[in-house]
Amino acid sequence: MKTAPPPKLEGVITRGTTGINRLRRSDRWIVHNTSVGRALRHAADPLIVDLGYGARPDTTFEMADRLTAVRRDRRVIGLEIDPARVVTGRDGVSFARGGFELAGLSPVFVRAFNVLRQYPEDAVESAWSHIQSGLAPGGLILDGTCDELGRRCAWVLLDAHRPLTLTLAWDPFDIEKPSDIAERLPKALIHRNVPGEPIHALLTAADRAWATAAPHASFGPRHRWAAALEILRAQGIPVQPARRRLRDCILTVPWHVVAPNS
């Protein structure tokens, strides 16, 4: 009986820059996110893939450790297309060579951070489709981008069919106004931050709400941002509520709010 050949690797080797605790903001978010929690708790096999973890697997181990709060028996596999970056596993985390085809695995959750940022915009849809096709039933994807120290982050949550939400998260003391996060938008949106596009309209509205909330500045940027979120909600923007006490400034909206114009 012939053994099926391994799936063809999909993707290219990226720079692989990484750093300890760089993805802490997204980790905190996924641990408290209702959809991610439901997917992991209901999964027959709680397999998680960290796709494109970079030159060192620090953030893979960090995510694995944090997700034990959601499901103690989670399995985590880090995938890298560069064979030189595949390392020995430990603490319930393993590593293998793989790309958007997910090495033939069927995970219930995939994190791909700072991967698509290094691809052209027209490659995003194909990459998403490849990952979506490999998900387990009810599976989810987090496609995100952040700066070198993880102070400014943005990510898209997707299911097997479509993007669901966009989240912007930042260190409350690192920016002067919400639109400063624009430089770290995911690849699907970063080139769309121009007048006439929904993401530009959202960031413009966030800046206006931030300015309007200036009287709250004496209480600190977290309190000021909480007031700005209430202003955005009052304007009809469907801002999703946080599921925990905010350490970061966070803005999560349904994808239709920012979906690029065709």
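**View 1. R111 and D27, a buried pair.** R111 counts as buried because its relative accessibility is 0%, where buried means under 20% relative accessible area, exposed over 50% and partly exposed in between (1.4 Å probe, protein chains only). D27 is buried too, with a relative accessible area of 0%. Their side chains meet in a salt bridge (2.9 Å, N to O), that is, a side-chain nitrogen of Lys or Arg within 4 Å of a carboxyl oxygen of Asp or Glu. Helices (H or I, at least four residues) and strands (E, at least two) are DSSP runs, numbered from the N terminus. This is a predicted model: local features need pLDDT of at least 70, side-chain atom pairs count only at pLDDT 80 or more, and totals for chains, interfaces and linings use all residues. Residues are numbered from 1 along each chain as its sequence is written, and side-chain values use heavy atoms, leaving out hydrogens and water.

**View 2. E183 and R152.** Here the side chains of E183 and R152 form a salt bridge (3.4 Å, N to O). E183 sits in the loop between β7 and α5 and R152 in strand β6 (residues 152-158), so the pair ties together parts 31 residues apart in sequence. E183 is partly exposed at 42% relative accessibility, whereas R152 is buried at 15%.

**View 3. E197 and R192.** The closest N and O atoms of this salt bridge are 3.1 Å apart. E197 is buried at 12% relative accessibility, while R192 is partly exposed at 24%.
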